[in-house]
Amino acid sequence: MSIEKKIRDSFLYRVKHYYEKIAEHYWHLVNMILTSDKRDTRHKKILFIYAPVWGKWHIDTFFKYTLPSLMQSGNLPAISKDKKIVINFYTKDNDIFLIDSMMKEVSCTYDYNINSESNFNDDTRGMMVNFLIHILDICVKENGLMLLAQPDLIYSNNSVKNLVDLSNGKGVSIAVPHPRVSYECIKEVDFFDSP
């Protein structure tokens with residue numbers, strides 16, 4: 001290889017290297033100007049529990065399994081030291097009284113609201129979509145976190161606190177897949193009738 005070729009290759013390599021560095025800084029600057037991190041990283045002062053539940057069997061399941069799992073010492077009680085907790089029920093009109101009476105029976109110390117299908121006048125969307133849009137709107141307006149609490153979810157102790165700690169102050173959502181079991185598959189096990 002000739003000395004001229006080595007010099008030329010070295011020169012071209014250096015030009016390319018500096019060009020890439022300048023281009024990298026240029027595009028980084030353009031990216032910072034055009035896009036910005038819109039995440040709200042403030043610590044949330046309120047946790048909304050989103051509980052869509054209706055029908056006697058589902059309501060009973062919620063109060064027998066889901067709510068007690070949320071009430072474990074490392075879940076809602078551990079969070080209530082730093083945050084206000086509000087349970088938002090979404091249900092059918094004929095289940096309002098049942099949910100209200102069951103909440104009074106369990107002597108829940110957290111605030112709760114019961115929203116029914118007749119509260120929403122938008123018939124173009126399904127009931128669950130209206131419920132979800134409503135709770136998300138509340139969370140945005142109140143700058144709060146949301147936790148889904150369907151009647152077939154059972155939270156282990158400390159799991160809710162860990163979820164809140166993972167997301168708090170970071171402007172992120174935590175989504176965790178959960179296994180689901182068909183009641184028809186396990187009803188012969190007598191799981192739901194045990195004390």
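Predicted model: local features only at pLDDT ≥ 70, side-chain atom pairs only at ≥ 80, totals over all residues.
How many bridges join strand S2, residues 84-91, to S3? There are 6, and the two strands run parallel.

Four strands make up an open sheet, and their order across it is S3-S2-S1-S4, with parallel pairing. Strand S3, residues 111-116, and strand S4, residues 145-148, are the edge strands, so called because each pairs on one side only. From one strand to the next, the twist averages 25°.

Now the individual pairings. Tyr50 has Leu148 in S4 as its bridge partner.

Is S1 buried or exposed? Of its 7 residues, 7 are buried, so S1 is largely enclosed by the rest of the structure. In a regular strand, side chains alternate between the two faces of the sheet.

Next, the helices. Helix H4, residues 96-105, lies across S2 and S3, and its direction is at about 170° to S3.

With 15 residues at 1.5 Å a residue, H2 should span 21 Å, and its end C-alpha atoms are 20 Å apart, which agrees. H2 does bend, by about 40° at Phe62. Its buried residues are Ile59, Thr61, Phe62, Phe63, Tyr65, Thr66, Leu67, Ser69 and Leu70. What covers them includes S1, H3, S2, H4, S4 and H6.

In soluble globular proteins, nonpolar side chains tend to be buried together. The largest nonpolar core here has 26 residues, and Leu47, Ile49, Phe63 and Phe89 have the most contacts inside it. Two or more residues come from each of strand S1 (46-52), helix H2 (56-70), helix H3 (76-79), S2, H4, S4 and helix H6 (159-167). H2 gives the most, with 5 residues.

Which residues does Phe63 contact, leaving aside its neighbours within four places in sequence? They are Pro68, Phe89, Ile99, Met102, Met103 and Val106. There is also a second, separate core of 10 residues, including Ile46, Val86, Phe120 and Phe131.

Last, two loop residues. Most residues other than glycine have a negative phi. Asn143 is not a glycine, and its phi is positive, about 55°. Asn143 sits in the loop between helix H5, residues 127-142, and S4. Its relative accessibility is 18%, and the cut-off for buried is under 20%, so Asn143 counts as buried.

The other one is Asn158, in the loop between S4 and H6. Its phi is also positive, near 75°. At 38% relative accessibility, Asn158 counts as partly exposed.

To recap: the sheet is open, with four parallel strands.

How values were computed:
Residues numbered from 1 in each chain as written. Heavy atoms only, no water. Axes fitted to C-alpha atoms, helices over the stretch in contact; angles between N-to-C directions. Contact = heavy atoms within 4.5 Å. Core = buried A, V, L, I, M, F, W, Y, C linked by side-chain atoms within 4.5 Å. Buried < 20%, exposed > 50% of the residue type's maximum accessible area, 1.4 Å probe, protein only. Expected span 1.5 Å × (residues − 1). Bend = angle between axes of the 7 residues up to and from the residue.
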